Amino acid sequence: MTSPCDGLRVVDFSMGMPGGMATMILSDFGAEVIKVEPPMGDPFRAWPAALLWNRGKKSVTLDLKTPEGRDQAQLLSERADVVVESFRPGKAAALGIGWEELSQRNPGLVYCSITGFGQTGPYKNYKGYEGVVAARTGRMLVFEGQKPRPGPVYAAVQTASHSTSQAAVQNILAALLVRAKTGRGQWVQTSLVQGMMSYDIRDLVIRQLSRRDPVTFPLDLLGSRGRLPTLTYLPAQTKDGRWIQMANGMERLFHAWVQALDLWNLYDDPRFMEAPQLTEENREQMRDILLARMREKTLDEWMDIFIKNGNVSAEPVVSTQDGMEHPQVLHNRHVEEVDDPTVGRMRQLGVLADLQETPGRIQGPAPTVGQHTQQVLADLHHRAPVGPSAPAGNGRLPRHPLEGITVLEFASIIAGPYSASLMADMGARVIKVEPPEGDHIRAMMGMRGTGAVKLTQGKESICIDLKLPEGQSIVHKLIAKSDVLLHNYRPGVPERLGMDYETAKGINPTIVYVYFGGYGSTGPHSLRPAFHPVPGAAIGGALLQAGAGMPPPPEQELSWEELKEVSRQLFRANETNPDPNSGVVIASTMMLGLYARQTAGKGQWGQVNMLGSNAYANADDFFWYQDKPPRPEPDTDGYGLCATYRLYPAKEGWVFLACLFEEEWQSFCAAVERLDLLQDPRFATAEARAANDAVLSQVLSEVFKGCTADQWEALLTAADVACVRADGNTLGEFYEESQHCQQNGFVRETDHLRFGTYWRHSGLAHFSLTPGRYGPGVIAGQHTRQLLRELGYTQEEIDDLKQRGVVNWEEP
């Protein structure tokens, strides 16, 4: 079988995880990826996960600071379809491999830049490390209150790197689709700051609305920072001292859990009749009952009951290494074996998505440094430059990358809808099919549907009752006009609703049909429900965020108050990131399907799921080999990973310091006028600093007390040391108010039918020739009448369908 990217040549100048993961995915789906490294190798090879993200590639060593190395890099790029680089702005151009230089040599080149903070603005030269971006954007304030101390808390899962790597994949493929039509390449620009947009679901919108009406739109959406978990998302200890994360975000699932606990009699008590919507006093009384009941059986006993019930969403809280052994993970082939020449047998993260007609496959282990230099350079003289591509269409440049593509979305809550919004940002027409009452997310997050604003941006909404034959007839007409169909119904439901793959393919043979579920379409857990805490618990992200010593070992006896505090901390650690983690992977899957249709000429069925998507978000640890180093975890108090990569309180405010390499440590010591630390044998080498980490943390804590957070940021970034303020803004404030985001175009103004004019995030990438399209969020059924008229229904027929409940729309 062919793969979507067969025949593509990618030259990868990037270093680190975001670019490495993006080009790994392109390799897995057929591209030839040539990794260009400095003579001593990519310094990020020191990270164990580099064996994963470098797999399937060829390694070439070039010294780009020499004329010979520059010439060879340019010759490689002339013979490439795609170039990926992660230098800070201006550095690639200085080395002779910038967009302007290479596009003149190769007009059909798709050139992708991945920076930390963007191409312009006051932060453009800040080092783009995950922790630095998380601190400066306000991501670490999301976890404020997770630990019983003031201030921001280290954000452990590398969400920005994950989202940015997926953004690179999606937008490279979109640019290649444009090239297929026009013969022209273009410059695709993404950054970790743009990747971090995925994790601001509502803060940017709410902050604007709150200034207009603080009573209706309060800023503290979920109460105090020390809040206890909702009853639906309750982490609970079992009889054997282990922990289960409950994730029953819909009332029917919560009721199924109560029934599985054999506590149905609680609904006879007037205090609990309306559960899970209860007064604070009654909620806390019910919490105690639920927690006590969960301690009556072991974890295995409860999980056996929940799985047999079929309608209880729950997973044990485990590490990523344990998550690799989940029966559904193994069934889905999210773990594959690779024979690595340096570490031997290696169990690795599987391919991103399951595409039935054009599957991906791991092309081999990671190369050694320079393994293919001689072979690739010799081949330069036998391979002609790519040159302009012959356009497949009329050669007209589209207004947006995905102009002319229609996505039909049958998805609810966050992950699926967010993925379709990303397609809309790239210019696709996205038609969201909702039930008559609207997507559940509109009511779940309250405040007049503000939770759905970001998740419906750029779409058209139609409300249809799919259980009725006439509703299915409308859907069939929409399928005939669509290029992609996306749904997240549990297996068996699409058949009952008349929109399964066989039906869709019969109507539209070239449709790209993508299923997204919690667990997958087949396998031991495929019929189980799942909300975001499920992959957070099952794949290890929540346990990592919880930090060292949390939860306590099973044998440790906990008082009732201690147990509730552990439950609270685990709940705060398992925040919503598994949903956007999944959303960006779904979007990449749709783009792989569309690009495969372009190259292979046929549609197909494909699938991804929350477990696999979050394995990618935890790719820094989703692999195993003999004597693999343990995953670094945050300290007990949530400051960070080590003395040189952590949060510190300053004279005023908080800073995050990131010194990953020896030269950065030396620059730091010079900038803070503590050259004595370089001579101190406890701190003179990386090994010595690791052995004396606690002492060094104390020393640096005293250092940072000397200036304010803003002063440290100004002083140290001027010395090219990564140190930024970590408590200056929330995510929403950063995107709305910072001059940096305005200069980079990271926010755009638009108009919502109900909420009026507001600022929204722009796309996860920008294009030099075909800009994105950034429309507003929509209310349920906002386009029902318009779409029905487009399908040929008269006004009388539309009114009749509305009266009989076949279709619906919401009033502003």
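At what angle do the axes of helix α10 and helix α12 cross? The views below come from a predicted model, in which local features need pLDDT of at least 70, side-chain atom pairs count only at pLDDT 80 or more, and totals for chains, interfaces and linings use all residues. Residues are numbered from 1 along each chain as its sequence is written, and side-chain values use heavy atoms, with hydrogens and water left out.

**View 1. Helices α10 and α12 meet.** The axes of α10 (residues 251-260) and α12 (residues 299-309) cross at roughly 130° and come within 10 Å. Look for A256, W257 and A260 on α10, and for W302, I305, F306 and N309 on α12, which make the contact (heavy atoms within 4.5 Å). By class, this contact has six nonpolar residues, one polar and no charged (Ala, Val, Leu, Ile, Met, Phe, Trp, Tyr, Cys and Pro count as nonpolar, Asp, Glu, Lys and Arg as charged, and the others, Gly among them, as polar).

View 2. Helix α1 has twelve residues, 17-28, and reaches 16 Å from its first C-alpha to its last. Twelve of the twelve are buried, so α1 is largely enclosed by the rest of the structure (buried means under 20% relative accessible area, with a 1.4 Å probe and protein chains only). Just after α1, you can find G30, with a positive phi of about 110°.

**View 3. E403 in its loop.** E403 sits in the loop between α15 (373-379) and β13 (406-410). At 15% relative accessibility, E403 counts as buried. Leaving aside neighbours within four places in sequence, E403 is in contact with K181, R396, P398 and G427.

Key:
Helices (H or I, at least four residues) and strands (E, at least two) are DSSP runs, numbered from the N terminus. The expected span of a helix is 1.5 Å times one less than its number of residues. Buried means under 20% relative accessible area, exposed over 50%, partly exposed in between (1.4 Å probe, protein chains only). Axes are lines fitted to C-alpha atoms, for helices over the stretch in contact, and angles run from 0 to 180 degrees between N-to-C directions.
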